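Subject: Structure handover

Hello,

Please find the structure below.

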2 protein chains.
Amino acid sequence: MINRRFSDGDSVALADVLVGDCCEDVSSPERLGDIIGAEAVLPGDDVIYKVTEIFSALADSTRLKILSSLIGGELCVCEMQEVCDVSQSAVSHQLRLLRDRGLVRSRRDGQRSVYRLADDHVSQLIRIGIEHAVEEGR
Amino acid sequence: MINRRFSDGDSVALADVLVGDCCEDVSSPERLGDIIGAEAVLPGDDVIYKVTEIFSALADSTRLKILSSLIGGELCVCEMQEVCDVSQSAVSHQLRLLRDRGLVRSRRDGQRSVYRLADDHVSQLIRIGIEHAVEEGR
DNA sequence: GTAAGATATGCACATATGCTCATATATTGA
DNA sequence: TCAATATATGAGCATATGTGCATATCTTAC
């Protein structure tokens with residue numbers, strides 16, 4: 001059983017994990033203890049669930065276009081509809097999902113509903129996602 | 001037609017978008033020109049697609065657990081299987097997807113296949129996602 | 001109040017996706 | 001070569017999801 005080599009020290013307090021060398025004695029008590037120890041430092045299931053909710057919100061081209069268009073500032077529904085080239089219904093449906101998940105906020109302005117990004121975590125995520133997509137030939 | 005207010009200047013070169021004030025004359029030629037202009041600075045469809053591929057890779061609890069477990073360093077399949085508490089088949093299927101999308105890399109080490117994160121964009125994304133999930137009561 | 005514009009939403013359907021089961025492949029040691 | 005361990009993969013199924021259609025709600029102007 002050896003100390004793990006770390007590649008990204010300050011991430012999520014995942015770096016303190018200790019794991020044995022291989023799979024041979026998975027059923028042994030100590031080994032199981034280690035594995036449980038490792039599992040314990042993973043984000044809990046509730047956090048995992050919330051994070052997947054965020055990423056799945058970003059995992060659709062319509063929603064990603066909507067969010068990208070909002071990086072420049074707030075827009076009303078029909079503007080997003082035109083910029084993103086999708087139907088009004090699709091935009092509204094997706095905006096509801098995005099609002100439910102806390103990625104955008106809205107306000108009324110007369111007949112229009114104006115949307116904006118909820119915080120800049122969202123634009124950070126999109127920016128890094130684009131970097132990753134562009135940097136590798138694939 | 002007014003200049004847009006910016007909230008995040010250096011993001012994706014989306015900040016130079018000019019958009020009219022409302023939805024009233026969407027069908028007029030000038031208005032359409034503006035909208036097309038705005039659309040042009042959004043990431044192209046190919047980039048949008050690649051980015052959604054990345055985010056959808058992060059948008060599943062099994063894959064997110066796998067990737068989180070790899071933040072601490074490389075692991076073999078059966079270790080991830082134990083840490084993430086999923087079947088061997090499920091882990092392998094998801095690892096294939098993650099490798100196909102360039103989020104992890106693998107190498108053989110005897111009988112084992114050892115996986116690691118492809119680059120630190122991945123851990124950055126996970127970290128920001130967790131921050132976002134934790135910071136808001138929801 | 002009524003009409004028109006803008007947005008929201010319920011429903012149904014087609015597609016995508018994640019899992020299990022069974023099996024194939026790969027690697028090591030005898 | 002054969003057995004054991006570790007990993008990979010194809011098929012099928014159950015569920016999740018994105019969209020269009022129709023319609024409801026909301027706001028302003030008359």
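How many helices and strands does chain A have? Chain A has six helices and three strands, where helices (H or I, at least four residues) and strands (E, at least two) are DSSP runs, numbered from the N terminus. Read from the N terminus, the elements of chain A come in the order α-α-α-β-α-α-β-β-α.

On conventions: this is a predicted model, in which local features need pLDDT of at least 70 and side-chain atom pairs count only at pLDDT 80 or more, while totals for chains, interfaces and linings use all residues. Residues are numbered from 1 along each chain as its sequence is written, and chains are lettered from A and ligands numbered from 1 in the order in which they are written.

Of the 138 residues of chain A, 36% count as buried (20 or more other C-beta atoms within 10 Å of the residue's own, with C-beta atoms placed from the backbone).

Helix packing within chain A: α4(A) (residues 77-84) and α5(A) (residues 88-100) pack at about 115°, with axes 9 Å apart. Axes are lines fitted to C-alpha atoms, for helices over the stretch in contact, and angles run from 0 to 180 degrees between N-to-C directions. The two helices α4(A) and α5(A) are therefore roughly perpendicular (65 to 115 degrees). On the α4(A) side the contact uses A:V77, A:C78, A:M80, A:Q81 and A:C84, and on the α5(A) side A:Q88, A:V91, A:S92 and A:L95; a contact means C-beta atoms, placed from the backbone, within 7 Å. Six of these residues are nonpolar, three polar and none charged (Ala, Val, Leu, Ile, Met, Phe, Trp, Tyr, Cys and Pro count as nonpolar, Asp, Glu, Lys and Arg as charged, and the others, Gly among them, as polar).

Packing between the chains: α6(A) and α6(B) pack at about 165°, with axes 10 Å apart, and are therefore roughly antiparallel (over 145 degrees). Residues A:H121, A:Q124, A:L125, A:I128, A:G129, A:E131 and A:H132 meet B:H121, B:Q124, B:L125, B:I128, B:G129, B:E131 and B:H132. This contact of α6(A) with α6(B) has four nonpolar, eight polar and two charged residues.

Which residues of α6(B) are buried? They are B:V122, B:S123, B:L125, B:I126, B:G129, B:I130, B:H132 and B:A133. Their cover includes α2 (45-57) and α6 (120-135) of chain A, and α3 (61-71) and β5 (112-117) of chain B.

Regards

Notes:
Parallel < 35°, antiparallel > 145°, perpendicular 65-115°, else oblique. Contact = placed C-beta atoms within 7 Å. Buried ≥ 20, exposed ≤ 12 C-beta atoms within 10 Å, placed from the backbone.
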